[in-house]
Amino acid sequence: MNEQADILRATDIAFAYRPGEPVLRGVSISAAPGRFTCLLGPNGSGKTTLLRCLLGQLAPSSGTIELGGRALRNYRPRELARVLAYVPQQPASSLAFSAGEIVLMGRYAHTGPLGLAGPGDLAVAREAMKMTDTLGFADRTLDELSGGEAQRVMIARALAQQPAVILLDEPTSHLDIRHQLNIYRMMRRLAHDWPMAVVCVSHDVNVAARLADELVLMRAGLVVAAGTPAQTIRQDLLSHTYDVPVDLIATPDGGAPMVRAKWAAPEEKPQ
Amino acid sequence: MTAPDAKTGRDDVRASLSLGRLILWAAALLAAAVVVGGACTLVGVIRLSDLTRQIWATRATQMLTAGIVGASLAAGGLALQGLMRNPLAEPYILGISSGAGVGVMMGLAAAARLSLPAWASTPVLAFLGAMASCLAVYLVAQRRGRLDPYSLILSGVIVNVFNGAIMLAGNLYIDPHRIADLTYWAMGQLPDSTPTALLAVCGSCIVAGWAVLMANSAAYNVLGLGDDVAASSGVSVNRLRLATFGAVGVMTAAAVALAGPIGFLGLIVPHVCRMTFGPDHRLGMIVTPLAGAIFLMIAETLCRSLGSAMGLGRVPVGILTALAGGPFFIFLLRTRFRGAAA
């Protein structure tokens, strides 16, 4: 792991879709090459809104976001795409493009108006597909792939942008545990080996705790805690974050403990 | 049977498109369009006994007009389908054609009153009408900047009804001797002769609009992955919407000023081209307009020659495209639209 200085830094940002109903209430977060950060928190805590602010698609009402020492809002879209890439929750293409062509679309910001790929673009796309182990089905369309394979194609597409930061929005929410683990391992590898800054909104605290370098716990538009899994996987913090009493269960491999909601939470006893 | 990925050497990224391939297809289809246009011109004059230069020129102009109009509507349909990720989007269905129609009707009235030349007043008012309809459809269908595909079609229906009412009302105030002409025009009928100035103005508008769509063709591909992915890939989604609506508005206005609102061509041709040439909008934006030109030249010739041969008189080509397009629309609705929603 070779951690470097922060490349993306949001300071005290606030955002509301409707006046008087703030979704983010002063959130600070940073990302650095070499670090795999996971955003955790219950539904409605503002994780996805924060991610959309970091993507430059929502403008915070206050606070600043800096990317590479420059205000995020001063980036032009093509310029931004060469630094920052995004992977959606659900891979989807309304057109029947092959996986290889979708990955090549990641070169949009690097190519001319017609987006015609040159040998350099092909090499980058090939490398991105090798990295995500998707080269074997470059000729197939998304419809012909499993959920995990399709999501890896979307990650390859993001990598083809050659970004310094990659943001992912619950990329494994519809995958089984094996594919979840695969994707999280891949994100960790990207952060450590490339190295790039990886920020992932996550719904699974256990996978995140095992593989992320940093966890950011969010609740009701605020950051409850941020730090290494050892610092943040604590009964009091997690109970507060998720608003449900939790147990921590030691794992046989001695890694981060398992987090599980208590069977009999006070408000909802079975009898 | 062999597994597609087993040592066939196919597990590699290849560019499906090169500049050479684009130029090749453009040349091939342009040549086909010229041949079809020539053939259709011949069919038109072959039954006439007194062949003069005049008749040849008139027929050739008719075919040129048909080609330009067909290209415009097909390219507009493809762009709207790409922009909205909706296979049913099309200038006619979304009410853009009828908006332009209202403008043309007002243009004719204005030209009569203010003694403006038709080539100046008609396209400008057609454009204003088309853009007003674009805006109305967009405002009705969008929610928080996102376009819902079902609302989109519904708002097109509403705008069409509204524009239709204005046009019908307009008929009340028009010189009774001209109502028959206007009725044919409103069904989508190419005129027997088109003033050269009008053809030149509309033709240039269509070429300029096409150039804007062509320049954005790669963006429609990326947009297929969703607004968020497209935006984070470097596509200015809002600018793309503005550019597309603006260009399609200009092109549709020009087409309607030339030939009246011709429906469903913008639905059928892009779809057939997609099935033949694949989903890539960069190739699509070259082959679709040329296929649209070929389609409308043939349809127009059928309506003109076969119609009279069968004793039906001349059938407006808009009727033929609507007869073919209605069932096609239902086919798309039943097969393609299910998964494309949201």
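Author: Here is chain A, part by part. The model is predicted: local features need pLDDT of at least 70, side-chain atom pairs count only at pLDDT 80 or more, and totals for chains, interfaces and linings use all residues. Residues are numbered from 1 along each chain as its sequence is written, while chains are lettered from A and ligands numbered from 1 in the order in which they are written.

Start with the domains. Chain A has domain 1 (1-83 + 163-237) and domain 2 (92-162). These bounds come from an automatic or database domain assignment. The C-alpha centres of the two domains of chain A lie 24 Å apart. Their contact takes 12 residues from domain 1 and 10 residues from domain 2 of chain A. Two residues are in contact if their C-beta atoms, placed from the backbone, lie within 7 Å.

Look at the domain 1 side of that contact. Helix H2 (77-81) and helix H6 (177-193) of chain A each supply at least two residues. Helices (H or I, at least four residues) and strands (E, at least two) are DSSP runs, numbered from the N terminus. H6(A) gives the largest share, 4 residues. By class, this side has 7 nonpolar, 3 polar and 2 charged residues. Ala, Val, Leu, Ile, Met, Phe, Trp, Tyr, Cys and Pro count as nonpolar; Asp, Glu, Lys and Arg as charged; the others, Gly among them, as polar.

Now turn to chain B. This contact takes 39 residues from chain A and 32 residues from chain B. On the chain A side, H2, strand E6 (84-87), helix H3 (99-105) and helix H4 (119-131) each supply at least two residues. H3(A) gives the most, with 6 residues. The chain A side divides into 27 nonpolar, 8 polar and 4 charged residues.
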